[in-house]
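Here is a short briefing on one protein model. Keep the sequence and the 3D view open as you read.

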Amino acid sequence: MPHRLRPVGPEFVDSAPVRLVFTQDVAAPPEAVFHALAEDVPGWPQWFSAIASARPTESGREVRLRGGIRFRETVLAAKGPEVYAYRVDVTNTPGARAWIEEWRLAPAGPGTRVRMTFALDGTAPFRLVCGLARPGVGRSFRTAVAALDRRLR
């Protein structure tokens with residue numbers, strides 16, 4: 001059942017009880033990566049296989065993952081080509097209480113260093129599961145970013 005999460009601000013990325021941070025370099029330039037993240041929301045399922053659908057809304061996005069998890073999100077930062085961040089406002093993920101995902105982009109030679117941070121809070125079981133899921137989430141991130149890089153070349 002969908003439930004509303006606590007409305008946290010951008011500072012939560014640094015103070016969240018659970019932080020999952022992943023980094024990967026890609027050949028595509030920061031401007032192209034930022035465009036794919038912030039401006040081509042419907043294109044996300046074409047490179048991020050965990051996403052079944054994504055569509056922009058007036059203040060953010062609605063995202064459905066494969067397996068049935070849903071998110072209604074508010075974009076907190078879209079400062080191209082450096083940062084794209086959004087807060088999950090409503091989800092059907094059990095135990096979640098606050099959630100921000102932040103993508104930071106930095107030049108890395110001719111390409112981009114992509115850093116994604118999942119900043120999370122929730123019940124004790126939710127936090128435990130998030131920690132246990134770190135390897136799988138990292139693998140999903142690396143696979144998605146590699147697919148995005150191939151798409152942008």
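Predicted model: local features only at pLDDT ≥ 70, side-chain atom pairs only at ≥ 80, totals over all residues.

Residues are numbered from 1 along each chain as its sequence is written, and side-chain values use heavy atoms, with hydrogens and water left out.

**Aromatic rings**

- Rings of Phe, Tyr and Trp (its six-membered ring) pair if their centres lie within 6.5 Å; planes under 30 degrees apart count as stacked, over 60 as edge-to-face and the rest as tilted.
- The count by this rule is 13 aromatic pairs.
- Phe34 and Tyr84 form an edge-to-face pair, because their ring centres are 6.4 Å apart and their planes stand at 90°.
- This pair links distant parts of the chain, 50 residues apart: Phe34 is in helix α2 (residues 30–39) and Tyr84 is in strand β6 (residues 83–91).
- Helices (H or I, at least four residues) and strands (E, at least two) are DSSP runs, numbered from the N terminus.
- Phe34 is buried at 7% relative accessible area, and Tyr84 is buried at 2%.
- Buried means under 20% relative accessible area, exposed over 50%, and partly exposed in between (1.4 Å probe, protein chains only).
- One aromatic cluster includes Phe34, Trp44, Tyr84, Tyr86 and Phe118.

**A charge over two rings**

- A charge sits over a ring if NZ of Lys or CZ of Arg is within 6 Å of the ring centre and within 35 degrees of the ring normal.
- The charged end of Arg61 sits over the ring of Trp44, 4.3 Å from its centre.
- Arg61 also lies over the face of Tyr86, 4.1 Å from the ring centre.

**Helix α2**

- Pro30, Val33, Phe34, Ala36 and Leu37 are buried in α2.
- These buried residues fall within an arc of 160° down the axis of α2, so they line one face of the helix.
- The arc is that of the directions from the helix axis to the C-beta atoms.
- An α-helix has 3.6 residues a turn, so residues three or four places apart point the same way.
- Glu31 and Glu39 are exposed, on the face of α2 turned away from its buried side.

**Lining of the largest pocket**

- α3 (124–152) supplies the largest share of the lining of the largest pocket, 8 residues.
- β4 (60–65), β5, β7, β8 and α3 each supply at least two residues of this lining.

Key: Contact = heavy atoms within 4.5 Å.
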